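Hi,

Here is the structure I said I would pass on.

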Amino acid sequence: MDLGRLQALLQSAAGVRVACVGDLMVDRYLRGDVGRISPEAPIPVLLQRDETVMLGAVGNVARNLAALGAGAVLAGVVGDDAAGAEAAALVAAEPAVEGRLTVAAGRVTTVKTRFVAGQQQLLRLDSEDDRPLAPDAEAAMAQAAAEAAKGAGAVLVSDYAKGAVTASVLDAARAFGAPLIVDPKGRSFAKYGAVSLIKPNARELRETVDMPTGTDAEVEAALKAALASCEAEAILVTRAARGASLMRRGQAVRHFRSAPRQVFDVSGAGDTVLAALGLALAAGADLPEAVELALLAAGVAVGKPGTAVVSPGELVAAEMAAHMAPAEAKIVTQDAAAAGAERWRAEGLKVGFTNGCFDILHRGHVSYLGAARAACDRLIVGVNSDGSVRALKGEGRPVNDLESRALVLGGLASIDLVVPFDAATPIELIAAVGPDLLMKGADYEGKELVGSDIVEARGGEVRLIPLVEGYSTTLAVSRMKAVK
């Protein structure tokens, strides 16, 4: 998507009303560390260090819409239990989400509890009730769906097969004529009736039509069969790293490719796609544009752990990065680095920082930066500007200008962000980033490290990294002069 069009679309989407109807869940993450095996059974012992609770399923769709600047109206079902009260409190805590929850007596609220060690899920525990809704609860849910759909620019139906999406609820959701998009579950798309779009993933499409969906040709045949079996105006199949494929009645299949992304966690990625589709259509985009926005949003979401949301700023940054070389994409401003560090810490990642001139990159630098990255989850590197290097090293330095030095650093896999700074020291940059781990070379033994007081006051750590002897930029410059 063109960057200018993306920004215009996001601006148009601010404040639009989108209805979210369907199965509501609570996603709970218990994170900790595993240091031993239980003596009671051959299983790891997880020492819990934190707990995160958030809305899942249709609740995560609403959260994504709110994060993107829309107003979401959420219609879902909870039980009259503690988890239901917790879900209601989570909805109430979202200022841009208007909750219209149906409390079903005697029903268990769906909760998914994930036990995570480091970046690895050990176990998921599900508590749920997928029985059909009682008649009074179904009527109340249909009424809530109608109220949510009234005045909405789009209606998003999230079906996780937990009982909230019924024929009467679907009829109520489509009553006001807004585009109706369904994230399906089960082996039949016909049950959704006349909707604007059905959005399965490749596995769901394969199981529905009992046809392969690996290649473009296979997907085209499967989409044709699926569209013939239901009343939907179009079907969009998401295909993970292969992007997505769209078929509208009377038109050929169109394939959309997504940029390669680092995949951290696919939990909730389908919710993000659904939210972005609805946001774009409500803001006046056509369907192909909406698909492009959805793929961009999904690419950001899978780079985060857990049930994640994305922001307009992250979408703009992702679109810009897609048109840059990987090394260029890592070079950011101090404000962008601070925002990135804050986001990583919220995801439970350890942020490290180091800095230097890095004038002529040599073996010692590569070894040092590799060791620094091994000590943390994300490494931010501050690099002195040309003027700053000259003030520190004297005339004739740097040998390589700032752009060259930053690009070479950005090309290293060990570095996540490169931040140029112009001051004599990186104290302002360290204060802005607030790293968990501040690192310098072992040659700083006995010296006071700039920013160490800031890091330690936050509960962070200062660490010296061993250096490879016999390598330095000063030595390299001396050797070059000797050769001349």
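**What I found**

Helix 9 (residues 287–301) packs against helix 10 (residues 312–322) at an angle of about 95 degrees, and their axes are 10 Å apart. That makes helix 9 roughly perpendicular to helix 10 (the term covers 65 to 115 degrees). Leu293, Leu296, Ala297 and Val300 of helix 9 meet Glu314, Leu315, Ala318 and Glu319 of helix 10. By class, that contact has six nonpolar, no polar and two charged residues.

Before going on: this is a predicted model, where local features need pLDDT of at least 70 and side-chain atom pairs count only at pLDDT 80 or more, while totals for chains, interfaces and linings use all residues. Residues are numbered from 1 along each chain as its sequence is written, and side-chain values use heavy atoms, with hydrogens and water left out.

Next, have a look at Leu205, which sits in helix 6 (residues 202–209). Leu205 is buried, with a relative accessible area of 0% (buried means under 20%, with a 1.4 Å probe and protein chains only). Setting aside neighbours within four places in sequence, Leu205 is in contact with Phe189, Pro200, Thr213, Ala222, Leu223, Ala226 and Val237 (contact means heavy atoms within 4.5 Å). Val237 is 32 residues from Leu205 in sequence, yet the two are 7.1 Å apart in space, C-alpha to C-alpha.

Finally, the strands. Strand 3 (residues 71–79) pairs with strand 4 (residues 97–104) in the parallel sense, over eight bridges (pairing takes at least two DSSP bridges). In this pair, Ala72 stands opposite Val97 of strand 4.

Cheers

Key:
Axes fitted to C-alpha atoms, helices over the stretch in contact; angles between N-to-C directions. Helix = DSSP H or I, 4+ residues; strand = E, 2+ residues; numbered from the N terminus. Parallel < 35°, antiparallel > 145°, perpendicular 65-115°, else oblique. Nonpolar A, V, L, I, M, F, W, Y, C, P; charged D, E, K, R; others polar. Buried < 20%, exposed > 50% of the residue type's maximum accessible area, 1.4 Å probe, protein only.
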